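Subject: Handover of a structure and the findings on it

Dear colleague,

Please find below the structure that I am handing over to you.

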Amino acid sequence: MNHAIAKHFEPPPGGDGAAEHPEPARLLPWTAPGGKPCYLVGDGTGHVSRIADGIERTQLDMADGLLWHAEDMLDCERVTVPELRFLARGLTDALRDVRRIAESRGARIPATAEGLDGCEE
């Protein structure tokens, strides 16, 4: 899925276009071929931003469902090793997606002179 999406949004030849845009680049929830990160430069209101928002929502929903399933499986005493390995793979993928979303959203939070608790440093 990632590569199929990324090929439609690759930078133009000769540059990435980021130098002309003052807005911060958004880390997108998919990667380019070879696992390279994809970024979007813009004001966050365009078509690609809406696609990225939808994919992030889906990834978070899937992580919630997987977490519920994991809790249920861990309560069962007859879970097999292959089932646990499959669960671990799903949790690893979900954690990677959620971490990428957190990194993307954190990078778009404006920097301030105040710390997280509201006190000046």
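**Overview**

The protein chain exposes about 9,100 Å², and carbon and sulfur atoms supply 58% of this area. Please keep in mind that the model is predicted. The chain holds three helices and two strands, and from the N terminus on its elements follow the order α-β-β-α-α. Of the 121 residues in the protein chain, 21% are buried. Among the contacts with a separation of 6 or more, 52% are between residues 24 or more positions apart.

Strand β1 covers residues 25–31, and strand β2 covers residues 37–41. The two run antiparallel and are joined by four bridges.

**The helices α2 and α3**

Helix α2 consists of residues 47–75. At 1.5 Å a residue, its 29 residues should span 42 Å; the end C-alpha atoms are 43 Å apart, which agrees. Helix α3 consists of residues 81–107. Its 27 residues should span 39 Å at 1.5 Å a residue, and the 38 Å between its end C-alpha atoms agrees with this.

Which residues of these helices are buried? In α2 they are V48, S49, A52, I55, E56, Q59, A63, L66, A70 and M73. In α3, L87, A94, I101 and S104 are buried, and the buried residues of α3 pack against β1 and α2.

Leaving aside neighbours within four places in sequence, Q59 is in contact with P29, D97 and I101.

**The nonpolar cores**

In soluble globular proteins, nonpolar side chains tend to be buried together. Which residues make up the largest nonpolar core in this model? There are seven in all: L28, W30, A32, C38, V48, A52 and I55. The elements that give two or more residues to this core are β1 and α2, and α2 provides the largest share, three residues. Another core lies apart from it and has six residues, including A63, A70, M73 and L87.

**The salt bridges**

Side chains of opposite charge can pair when their charged atoms come close. How many salt bridges does a search of the whole structure find? It finds six.

One of them is formed by E56 and R26, whose closest N and O atoms are 3.3 Å apart. This pair links distant parts of the chain, since E56 is in helix α2 and R26 in strand β1, 30 residues apart. Both E56 and R26 are buried.

E56 also forms a salt bridge with R105, and here the closest N and O atoms are 3.1 Å apart. R105 lies in helix α3 and E56 in helix α2, so this pair ties together parts that are 49 residues apart in sequence. Are the two partners buried or exposed? E56 has a relative accessible area of 1% and is buried, whereas R105, at 41%, is partly exposed. R26, D53, E56 and R105 are linked in a network of salt bridges.

A further salt bridge joins the side chains of R99 and E103, at 3.7 Å from N to O. These two residues are four residues apart in helix α3, so about one helical turn separates them. R99 is exposed, with a relative accessible area of 59%; E103 counts as partly exposed, at 44%.

**Where to begin**

E56 is in helix α2, is buried with a relative accessible area of 1%, and forms salt bridges with R26 and R105.

Yours sincerely,
Your colleague

Conventions:
Residues are numbered from 1 along each chain as its sequence is written. This is a predicted model: local features need pLDDT of at least 70, side-chain atom pairs count only at pLDDT 80 or more; totals for chains, interfaces and linings use all residues. Side-chain values use heavy atoms; hydrogens and water are left out. A salt bridge is a side-chain nitrogen of Lys or Arg within 4 Å of a carboxyl oxygen of Asp or Glu. Buried means under 20% relative accessible area, exposed over 50%, partly exposed in between (1.4 Å probe, protein chains only). A nonpolar core is a set of buried Ala, Val, Leu, Ile, Met, Phe, Trp, Tyr and Cys residues joined through side-chain atoms within 4.5 Å. Two strands pair if DSSP finds at least two bridges between them. The expected span of a helix is 1.5 Å times one less than its number of residues. Contact means heavy atoms within 4.5 Å. Accessible areas come from the Shrake-Rupley method with a 1.4 Å probe; for residues, only the protein chains shown count as cover.
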